[in-house]
Amino acid sequence: MARRKERIDRPVKVLSDDIYALASIRNMLYLAAPRVLPSLLLLLLPLLAPSAYFQRVITLAALYALLALSWDFLERSIGAVSLGQSLFFGVGGYLAGVFNVTLGLSPFWALLLSTGVGAVICTVLLFPCLPLRGIYFAMTTLVYPLLLSRIIEATGLLGGTDGLVGIAPFANAWVEQYLVLGVLLGASFSLSRLLSTDFGVTLSAIGDDDQTVRACGINITLYKISAVAIASAVGAFAGAYFSFLYMFVGLSAFSLELSILPIACAVVGGMRTLIGPVIGAFILVPLAEGARDLGTLRIVFYSLLLAGLILFKPEGLLNYLRRKYQQVERWVEV
Amino acid sequence: MVLPLLIYGLINGSILALTALGFSLTYGISRVANFAYGALYVLAGFSAWFFLNRLKLSLFLSLLLSILLIGLIGAALYRIALIRVRGMPTSEIIVTFALGTAALEALRFFGFLGSHYTLPAFYSGALPVFGVPVDYQRLFIVILGAVLFLALWIFTHHTKTGLAMRAIAQDEQAAMMAGIDSDFMATLSVGLGAGLAALAAGILLPLSYIATESGSNILVYAIAVCIVGGLESTTGVLVASLLIGYAQMLSVIYLGPHYQMIVALLAILVTLILRPSGIFGKHKELEERV
């Protein structure tokens with residue numbers, strides 16, 4: 001007797017997709033639970049962490065989550081694959097150093113300004129490849145971090161190979177831990193929301209078929225610029241935050257690890273879901289920190305994990321969980 | 001001042017052409033952007049070093065074996081990995097980039113990279129060319145570059161396999177109707193590209209040594225040459241390498257050695273702004289300039 005597995009939506013899922021979501025408490029809880037509970041857990045994490053070391057790991061995971069979120073947003077919206085997330089991170093990090101050390105701004109203003117100015121700088125740098133499609137974006141983003149670190153090395157600007165030291169720390173440990181978690185929650189929910197607005201739908205359409213969108217009389221370059229600006233603001237914030245966390249910024253802000261780990265986080269958690277990369281970061285970053293003794297061998301592991309997952313299990317954790325939460329499976333006879 | 005510039009610019013251009021040829025060939029035929037290209041180059045250098053110094057084979061045999069080995073690795077990369085994600089550019093890019101990074105970082109971790117890992121020159125010594133001393137290895141690079149271009153041109157225009165490759169590059173659907181196996185051609189193109197990377201490693205490494213940085217440098221230079229010349233044009237590779245080669249020599253003479261990489265990137269940016277499909281990428285212009 002031949003059988004196959006059939007998946008159908010749960011009744012409560014079908015109801016809560018619609019206006020009936022408001023019909024009963026159960027439907028509302030069904031919708032709220034997967035959003036509220038993980039957010040609460042995230043906010044409780046620093047309180048649950050047994051030592052300052054674990055609190056630092058949580059903050060780092062949140063920073064990588066922001067980078068992975070920015071990567072996934074670019075991929076999900078305009079279909080651009082970035083091989084140089086460290087560009088955003090490094091630009092943000094160095095700007096924070098310049099604003100704080102050279103211009104003497106307070107961490108709060110330096111963070112805000114480096115996010116904004118970083119977004120502008122990265123967008124201007126990437127602008128030449130935006131009117132094109134295909135692999136141009138991947139190639140250009142791959143080249144930039146290498147180039148910027150070479151320029152800094154060659155000219156000795158911004159502290160050269162020594163980096164910028166003496167960046168002010170955050171006011172206190174609570175600000176240090178909760179600011180990034182707040183921004184992470186805000187960014188992931190607002191970016192997911194953004195993608196279901198008209199603006200976001202246009203962005204996704206550009207990712208699917210740019211020529212058709214262009215034929216509708218929409219200026220796609222303008223939309224691509226906004227998507228890159230949003231993604232680079234998120235990445236630059238993470239870089240600037242990192243500088244204040246370690247009171248230092250150096251050439252390591254452009255390192256390859258910062259480009260490959262966010263992609264690995266996004267693939268583990270589920271590409272094109274925006275929330276998946278955050279989950280991926282909170283799984284991979286603690287593992288990576290635990291294996292710090294292995295040095296660069298860690299990069300070998302993430303890269304192999306990344307290639308293996310893309311080839312054999314491209315679904316990602318979040319898509320798996322979502323399927324289990326929304327659908328029932330049963331065997332039916334064919 | 002002018003004569004050394006002319007001669008060393010030509011040499012530098014030939015070096016760039018040799019580096020970029022494999023990347024351009026693979027992309028031109030199968031539309032696979034092989035971001036593991038730099039890693040294949042470094043692996044080739046290391047395997048040639050291993051055959052030469054550990055297995056005590058002759059230089060010629062070591063180079064031949066390393067070209068074969070890396071060519072097979074490239075073909076396997078397509079057969080085992082890329083074939084599963086063919087036609088999904090995001091996945092293709094991530095897989096090649098991740099595998100390349102894994103190979104480079106593994107070599108770095110085990111300490112197989114550094115100044116004593118280098119290959120010997122074929123003949124040491126130098127020859128004056130119009131009064132400028134040029135060592136034999138650099139002369140050989142120019143000659144081999146020219147021979148390679150000629151051989152590739154004959155291969156793609158006068159052999160059945162070469163013609164089939166061009167057919168796939170021009171119109172995959174029509175070529176498949178004519179009985180050309182698209183997957184076989186793609187395997188061949190990735191393998192051939194990897195083999196060319198290995199060949200480049202064999203002749204270029206005697207000028208420096210094997211380092212992780214050379215992996216990323218090679219990839220960046222290959223990308224620069226391919227964008228400036230037009231992503232799938234072999235003539236473009238030649239012209240773009242000479243252009244960038246001379247520009248780099250000028251920057252070295254007037255600014256300093258650190259600016260070579262910056263020149264390559266500026267070339268990419270200027271090309272993307274002024275003529276996005278590259279100097280010789282004519283027929284694709286409308287499709288690319290969205």
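# A first look at chains A and B

Colleague: Let's start with one residue: is T273(A) buried or exposed?
Modeller: T273(A) has 20 C-beta neighbours inside 10 Å. A residue is buried if 20 or more other C-beta atoms lie within 10 Å of its own, exposed if 12 or fewer, and partly exposed in between, with C-beta atoms placed from the backbone. With its 20 neighbours, T273(A) therefore counts as buried.

Colleague: Before we go on, what kind of model is this?
Modeller: Residues are numbered from 1 along each chain as its sequence is written, while chains are lettered from A and ligands numbered from 1 in the order in which they are written. Local features need pLDDT of at least 70, side-chain atom pairs count only at pLDDT 80 or more, totals for chains, interfaces and linings use all residues, and the model itself is predicted.

Colleague: Back to T273(A): which residues is it in contact with, leaving aside neighbours within four places in sequence?
Modeller: T273(A) lies in the loop between helix 11 (257–269) and helix 12 (276–290) of chain A. Although R76(A) is 197 residues away in sequence, its C-alpha atom is 7.7 Å from that of T273(A). Contact means that two C-beta atoms, placed from the backbone, lie within 7 Å. By that rule, and with those neighbours left aside, T273(A) touches G316(A), L318(A) and N319(A).

Colleague: Is V201(A) buried or exposed?
Modeller: V201(A) is in helix 8 (residues 198–208) of chain A. It has 12 other C-beta atoms within 10 Å, so V201(A) is exposed.

Colleague: Turning to chain B, how many helices and strands does it have?
Modeller: Helices (H or I, at least four residues) and strands (E, at least two) are DSSP runs, numbered from the N terminus. Along the sequence, the pattern of chain B is α-α-α-α-β-β-α-α-α-α-α-α-α-α. The count for chain B is 12 helices and two strands.

Colleague: What is the radius of gyration of chain B?
Modeller: The radius is taken over C-alpha atoms, and the globule rule is 2.2 Å times the number of residues to the power 0.38. For 290 residues, a compact globule would have a radius near 19 Å, and chain B agrees, with 19 Å.

Colleague: In strand 2 of chain B, what is the bridge partner of V129(B)?
Modeller: Two strands pair if DSSP finds at least two bridges between them. Strand 1 (residues 126–129) and strand 2 (residues 132–135) of chain B pair in the antiparallel sense over four bridges. They form a hairpin with two residues between them, and F130(B) in the turn has a positive phi of about 50°. The bridge partner of V129(B) is V132(B).

Colleague: How many of the 23 residues of helix 8 of chain B are buried?
Modeller: The expected span of a helix is 1.5 Å times one less than its number of residues. Helix 8 (residues 182–204) of chain B should span 33 Å, in agreement with the 32 Å between its end C-alpha atoms. This helix is largely enclosed by the rest of the structure, because its buried residues number 20 of the 23.

Colleague: Which elements of chain B do the buried residues of helix 5 pack against?
Modeller: The buried residues of helix 5 of chain B are Q137(B), R138(B), I141(B) and G145(B). They pack against helix 1 (2–30), strand 2 and helix 8 of chain B.

Colleague: Which helix of chain B gives the largest share of the side that touches chain A?
Modeller: In all, 35 residues of chain B are in contact with 39 residues of chain A. Helix 4 (89–109), helix 9 (212–229) and helix 11 (260–274) of chain B each supply at least two residues of the chain B side. The largest share, 15 residues, comes from helix 4 of chain B.
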